[in-house]
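Welcome! Please take a moment to look over the chain shown here, and then we can walk through it together.

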Amino acid sequence: MTERYNRHIILSEIGQAGQDKISNAKVLVIGAGGLGCPILQYLAAAGIGTLGIIDFDMVDISNLQRQVLFGMSSLGKNKAKAAKARLEDLNNDISIIAYPEKLTHKNALNLFNQYDIIVDGSDNFETRYLVNDACIITNKPLVFGAIYKFEGQVSVFNYKNGPSYRCLFPNPPEKDTVPNCSEIGVLGVLPGIIGSMQANEVLKIIIGIGNVLSGKLLCYNALTLQNSILKIKRSEKTIQSVLKEKDSFHKKETDFNCEIEIEPISIEHFLYEKNIQFIDLREAHEKPKIKALNITYIPLSVLKTSVNKLDNTKKKALFCQSGIRSKQAVKILQELNIKDCFSIIEGASEIKNRIENRHCDGGTTKTIASN
């Protein structure tokens, strides 16, 4: 044990006493994705006594560009379980608990009460606000991180009466208005940088050294290597408004999912239908043509002003790169009272492969769309 953590112990600022604090700490990481992977690796290597991982998602090949805990052997496996297996090989002296489930209002408070520090590695606003509110109610410090293309943010919320995430951003943006990395892209090393910063804040809190990023938002630009720090003020009104809902918190459904959920449909559903209009929602730079289909190109950004391109006599099968924009597009069209719209679950590359492989195998694509 002493040999493993020797480089910590010989630091006068940490020593054996500091390493003992690390070994006695309990940290829960929300998400084992781009941010979660470096957070988990460095916390496990540091010797965090109990390390929890909650993630309901499965490992996909598109994750491997930045989610460095996983490899080809992890594909199709639950991320929390796959991360646990890898981390146990990294450090078998600690307790690692995988929760292969979705974080919800129903399980958050009970789960958070079992840990000392919560680390947010999620990639969506619904989860960020849920995590923030649960941390306020359970009085747990929250180590926050976020990434966007080439930029990242890090902060520590709810720490020693410091501000919360809602003090900085009182209300979430409108659903589906801010793209995530599957839509807009992200530099592969960026989550490694931001996630490592988050792990650093966790260790500082546990050991009690350095200046914790409470009341501050660190903004990092990977292209310029510039950092800036913004000050955040605590809003007592905001904190109290969350605490007032403590007794009813676990009864909530996720506030942001109260809209009608669009159930995606596989491309196979449309292969032998004739009365279909295929609509590609990708931007111009994204779209290699799918030769076996007649396609109407309407980027999501101009969908509302391009409804004249829709054929109201046909069912409309909408697709994008990963299935996220197509769900949003269906909701937009429903609000405009345009019916028979469907989101195709597969991304464009998978649709292209399925259609063209079927054609090469001697099949024919009977679904032909006009326009």
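In strand E7, glutamate 151 has asparagine 221 as its bridge partner. Strand E6 (residues 151-157) and E7 run antiparallel and are joined by 4 bridges. Here, two strands pair if DSSP finds at least two bridges between them. Helices (H or I, at least four residues) and strands (E, at least two) are DSSP runs, numbered from the N terminus.

A word on the model itself: this is a predicted model, in which local features need pLDDT of at least 70 and side-chain atom pairs count only at pLDDT 80 or more, while totals for chains, interfaces and linings use all residues. Residues are numbered from 1 along each chain as its sequence is written, and side-chain values use heavy atoms, with hydrogens and water left out.

## The chain as a whole

The chain has 12 helices and 12 strands. Of its 371 residues, 49% count as buried; buried means under 20% relative accessible area, exposed means over 50%, and partly exposed lies in between (1.4 Å probe, protein chains only). Contact means heavy atoms within 4.5 Å. Among contacts between residues at least 6 apart in sequence, 70% join residues at least 24 apart.

## The sheet of 8 strands

E6 and E7 belong to an open sheet of 8 strands, ordered E3-E2-E1-E4-E5-E6-E7-E8, with mixed pairing. At its edges are strand E3 (95-99) and strand E8 (226-231), each of which pairs on one side only. On average, neighbouring strands of this sheet are turned by 15 degrees against each other, direction ignored. For such angles, axes are lines fitted to C-alpha atoms, for helices over the stretch in contact, and angles run from 0 to 180 degrees between N-to-C directions.

Strand E4 (residues 117-120) runs parallel to E5, with 3 bridges joining the two. Isoleucine 118 has leucine 142 as its bridge partner in E5. Strand E5 (residues 142-148) has 5 of its 7 residues buried, so it is largely enclosed by the rest of the structure.

Helix H2 (residues 15-24) and helix H9 (residues 190-207) pack with their axes 9 Å apart, at an angle of about 115 degrees. The two are therefore roughly perpendicular to each other, a term for angles of 65 to 115 degrees; under 35 counts as roughly parallel, over 145 as roughly antiparallel, and the rest as oblique. Gly18, Lys21 and Ile22 of H2 make the contact with Leu203, Ile206 and Ile207 of H9.

Asparagine 158 lies in the loop between E6 and helix H7 (165-168). This asparagine has a positive phi of about 60 degrees although it is not a glycine. Lysine 160 is found in the loop between E6 and H7 too, and its phi is also positive, near 50 degrees. Are these residues buried or exposed? Asparagine 158 counts as buried at 10% relative accessibility, whereas lysine 160 is exposed, with a relative accessible area of 68%.

Serine 214 sits in the loop between H9 and strand E7 (216-221). With a relative accessible area of 21%, serine 214 is partly exposed. Leaving out residues up to four places away in sequence, serine 214 touches Val156, Tyr159, Gly162 and Pro163. Serine 214 and serine 155 are 59 residues apart in sequence but 6.4 Å apart in space, C-alpha to C-alpha.

## The sheet of 4 strands

An open sheet of 4 strands has parallel pairing and the order E10-E9-E11-E12. Strand E10 (295-297) and strand E12 (341-343) stand at the edges with a single partner strand each, so one side of each is left without a neighbour in the sheet. Strand E11 (residues 315-319) pairs with E12 in the parallel sense over 3 bridges. Leucine 318 stands opposite serine 343 in E12. Helix H11 (residues 324-335) packs on this sheet and touches E11 and E12, its direction making about 160 degrees with that of E12.
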